[in-house]
Amino acid sequence: MSRPRFIARQFARPSGFLGRFIAMAMNYGNASMNAFAVEKLEADATDRILEVGFGGGVTLPSLLEKAGFVAGVDRSPDMVARAKKMFAGAIASKRAEFHEGNVETLPFLSETFTKVCTVNTVYFWPSLDVGFEEIYRVLASGGRLVIGFLPKERMDLMQLPTDVFTARTVEEIVASLTRTGFGNVRVERPESTTAWCVVVGMRQ
Ligand SMILES: C[S@@+](CC[C@H](N)C(=O)[O-])C[C@H]1O[C@@H](n2cnc3c(N)ncnc32)[C@H](O)[C@@H]1O
């Protein structure tokens, strides 16, 4: 039986009372994929990092610990409000900012970031090429992109509503990144899982 559509929609754009629980559930359930994605960013204090679709914000404490500056964009107004509240100190000291927005039109000047990550969001993008082109634009030359996701063969087992989730194959992600101009594209997963993976690409 497929999952109820109203729950699936919450993962796509958490909101309201239920959205708060979904945020906590995502932080718990997605912790290992997010931790691996952060590791692959290889962040240090010189980095300006953007996370697209941070949701419950599970990566944000470790990104703020490692990087000089962290920005987040999420299309859910409630997730943006939550992050602003949770990381008010970092915002006040100008080490963080959070914006409502979409991967298709990121609210930043070109070449603003040294690194970008996005985890469990590619299922909701209308077009991979448009999203990766926009991320390419805001990355500085030599910048790194890390994408964490559950590939199509695993997503299909979950029987999620296809009008909410678009399952993506590893090959589709790699092909789109390559078309967009990213180089040194590689797929990585820890030995402990065969379920999910991260794809890393470098802006030329
Ligand atoms: C399934 S949640 C994943 C949250 C977190 N990255 C994680 O792995 O736990 C997807 C998040 O991405 C956001 N999102 C989905 N599509 C987006 C888009 N096109 N642009 C920006 N944010 C998006 C949603 O609002 C939601 O907060």
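This is a predicted model: local features need pLDDT of at least 70, side-chain atom pairs count only at pLDDT 80 or more; totals for chains, interfaces and linings use all residues.
Tutor: Residues are numbered from 1 along each chain as its sequence is written.

Student: Thanks! How many helices and strands does the protein have?

Tutor: The protein has nine helices and seven strands. Helices (H or I, at least four residues) and strands (E, at least two) are DSSP runs, numbered from the N terminus.

Student: What makes the protein as compact as a globular protein of that length?

Tutor: The globule rule is 2.2 Å times the number of residues to the power 0.38, and the radius of gyration is taken over C-alpha atoms. For 204 residues the rule gives 17 Å, and the radius of gyration of the protein is 16 Å, close to that, so the protein is as compact as a globular protein of that length. Along the principal axes, the C-alpha atoms fill a box of roughly 50 × 40 × 35 Å.

Student: Why is Thr114 called buried, and Ser15 partly exposed?

Tutor: We count other C-beta atoms, placed from the backbone, within 10 Å of the residue's own: 20 or more is buried, 12 or fewer is exposed, and in between is partly exposed. Thr114, in strand E4, has 23 such atoms, so Thr114 is buried. Ser15, in the loop between helix H1 (5-12) and helix H2 (16-29), has 15, so Ser15 is partly exposed. Of the 204 residues of the protein, 41% count as buried.

Student: What makes E6 lie largely in the open?

Tutor: Of the six residues of E6, the number buried is zero, so E6 lies largely in the open.

Student: Which residues does Thr114 touch, and which does Ser15 touch?

Tutor: Contact needs C-beta atoms, placed from the backbone, within 7 Å. Not counting residues up to four places away in sequence, Thr114 touches Asp47, Arg48, Ala140 and Gly143. With that same exclusion, Ser15 touches Ser76 and Asp78.

Student: What is the strand order of the sheet, and why do E3 and E6 stand at the edges?

Tutor: The open sheet of seven strands has the order E3-E2-E1-E4-E5-E7-E6, with mixed pairing. Strand E3 (96-100) and strand E6 (183-188) each have a single partner strand, so one side of each is left without a neighbour in the sheet.

Student: How do you know that E2 pairs with E3, and E6 with E7?

Tutor: Two strands pair if DSSP finds at least two bridges between them. E2 and E3 have five bridges, in the parallel sense, with Ala71 opposite Glu97 in E3. E6 and E7 have four, in the antiparallel sense; Arg186 has Val200 in E7 as its bridge partner.

Student: Which residues are closest to the ligand, and how do the residues of the shell divide?

Tutor: Being near means a C-beta atom, placed from the backbone, within 6 Å of the molecule. The ligand is surrounded by 25 residues, the closest being Asn30, Gly53, Gly55, Ser76 and Phe124. Ala, Val, Leu, Ile, Met, Phe, Trp, Tyr, Cys and Pro count as nonpolar, Asp, Glu, Lys and Arg as charged, and the others, Gly among them, as polar. The shell divides into 13 nonpolar, nine polar and three charged residues.

Note on methods. Two residues are in contact if their C-beta atoms, placed from the backbone, lie within 7 Å.
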